[in-house]
Amino acid sequence: MWNWEFAMSVLPKLLSVIHITIITTILAFFLALILGLLLALGRRTRLKPLAWAVALATEFIRSTPLLIQLYFLYFALPVYGIHFSALTIGVLGLGIHYSTYLSEVYRSGIEAVSKGQWEAATALNFSRWKTWTKIILPQAIRPITPVLGNYLIVMFKETPLLSTITVVEMMATAKMIGAASFRYVEAFTIVGLLFLLLSYPSALLVRRLEARISLK
Amino acid sequence: MNMPLATKEEATPAAGRLTPVVRYQNISKSFGDLQILDGINLDIAPGEKVAVIGPSGSGKTTLARLLMTLEEPTSGTIEVDGELLWHKRVKGKLVRANEKHLHRIRGNIGMVFQHFNLFPHLTILRNCTEAPIHVLGMPKEEARERAVEMLRKVGLEDKKEAYPSQLSGGQKQRVAIARALVMRPKVMLFDEPTSALDPELVGEVLAVIKEIAREGDMAMLLITHEMEFASEVADRVVFTDGGKIVEQGPPDQIFGDPQSPRLQSFLTRFRTKR
């Protein structure tokens with residue numbers, strides 16, 4: 001049964017690793033933001049072989065489970081002499097996996113920019129680079145920011161998977177507490193509540209952002 | 001400014017006297033099986049105002065879009081200020097030019113679109129300063145001054161901090177004109193600049209274009225359905241139909257004494273529609 005005393009005794013331990021969860025999420029999200037944009041642009045390049053390669057890689061990563069990708073990175077990279085910490089691999093795995101989803105989000109944003117904007121940029125003689133950075137991307141990214149925000153929350157909720165490759169975040173800590181005390185209910189309940197406590201306000205924030213953007 | 005006017009007897013009016021600012025030579029354009037332009041030859045002298053009229057689908061707009069490098073010609077060449085636009089001559093042979101070449105030549109050309117195409121995420125002022133700063137590398141202060149001067153010219157200086165969505169269609173088009181003027185092109189293309197406007201807003205835009213035409217040494221190619229406007233502004237009117245230039249000449253002649261049956265019937269249809 002639920003034991004308040006025990007719950008209170010493990011709470012500090014769980015709170016002490018909450019920053020690992022948050023930092024992992026943020027780093028992986030930024031990686032996914034950058035890589036996702038590169039993938040979206042890569043699929044549009046006029047170099048057809050590159051565009052196909054990017055499309056193939058994107059489909060491959062999106063169609064295989066994140067857990068398998070994490071295991072692959074964790075166990076296969078050292079075989080090739082590449083040694084990263086578990087946390088780094090977690091960030092890479094999570095970031096790369098979700099970059100394929102974000103690339104689709106970027107694509108929808110880019111395609112929503114009207115052809116006339118491209119033509120006006122050509123008429124004013126903007127270079128390709130300036131057309132993207134000054135005209136197209138600012139217009140493409142604004143309407144998709146709520147969707148990007150939603151992915152941030154989704155990724156946050158995926159971080160417990162990293163416990164399987166020995167990243168000591170909240171989930172792994174709860175497992176260790178359970179293994180040592182044979183009491184699982186308190187630790188896992190608290191971890192669940194901590195996730196709720198962080199993701200629900202974030203979701204509300206995203207919804208407000210969405211409302212503000214649709215007003216304009 | 002009075003430029004030598006073309007008549008039907010002079011097929012290439014400015015040749016030999018002045019380098020034309022634009023020269024279309026045997027230009028054809030097809031989209032798949034559909035031929036839009038069929039062997040067009042047209043010169044525009046520096047400072048000359050040329051209006052292009054003709055039924056929808058006659059290829060008028062494509063003429064402007066080829067010059068702005070928004071479409072690539074299927075065959076033929078275009079010269080801007082004596083230099084090939086789409087091609088380069090390598091060992092006497094014409095080859096497709098690269099983006100760097102297009103970029104250099106394109107700097108001579110400006111365009112005003114039917115649907116304005118203002119940048120909705122930027123203020124009116126920044127719509128006008130973005131290109132001079134990032135394309136011409138102009139200092140911000142100078143770009144700002146020039147943009148304000150052009151906005152004053154189109155009567156919208158007080159809107160410079162507004163966003164495009166806060167403007168009427170006529171105002172948007174006037175901003176688009178200012179934005180193109182800031183780049184000081186040698187030739188400016190107007191692609192049916194009033195076709196997307198409510199009737200009561202057409203006048204203000206035409207007035208601005210007339211004003212610019214009157215004072216400027218900038219050549220203009222005006223694709224338009226406004227016949228009165230064409231006859232007031234243009235030095236020469238070109239009538240296209242079926243992808244060819246059917247007739248061209250001074251406005252008085254084109255509107256007062258049309259020679260070809262197709263132009264006659266086009267003008268009749270146009271007048272009865274009014």
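Helices (H or I, at least four residues) and strands (E, at least two) are DSSP runs, numbered from the N terminus. The model is predicted: local features need pLDDT of at least 70, side-chain atom pairs count only at pLDDT 80 or more, and totals for chains, interfaces and linings use all residues. Residues are numbered from 1 along each chain as its sequence is written.

**Exercise 1.** Describe how strands β1 and β2 of chain B pair.

*Solution.* Step 1: two strands pair if DSSP finds at least two bridges between them. Step 2: β1(B), residues 22-31, and β2(B), residues 34-44, are joined by seven bridges in the antiparallel sense. Step 3: opposite S30(B) stands Q35(B) of β2(B). Step 4: two residues lie between the strands of this hairpin, and G32(B) in the turn has a positive phi of about 60°.

**Exercise 2.** Characterise the packing of α2(A) with α8(A).

*Solution.* Step 1: the axes (lines fitted to C-alpha atoms over the stretch in contact, with angles from 0 to 180 degrees between N-to-C directions) of α2(A), residues 18-42, and α8(A), residues 145-158, are 9 Å apart at an angle of about 135°. Step 2: α2(A) is therefore oblique to α8(A); angles under 35 degrees count as roughly parallel, over 145 as roughly antiparallel, 65 to 115 as roughly perpendicular and the rest as oblique. Step 3: in contact (heavy atoms within 4.5 Å), the residues of α2(A) include F29(A) and L33(A), and those of α8(A) include Y151(A) and F156(A).

**Exercise 3.** State which residues of chain B have pLDDT under 50.

*Solution.* Step 1: pLDDT is the predictor's confidence in each residue, from 0 to 100. Step 2: the value stays under 50 over residues 5-15 of chain B. Step 3: where pLDDT is low, the predicted coordinates should not be read in detail.

Methods: Chains are lettered from A and ligands numbered from 1 in the order in which they are written. Side-chain values use heavy atoms; hydrogens and water are left out.
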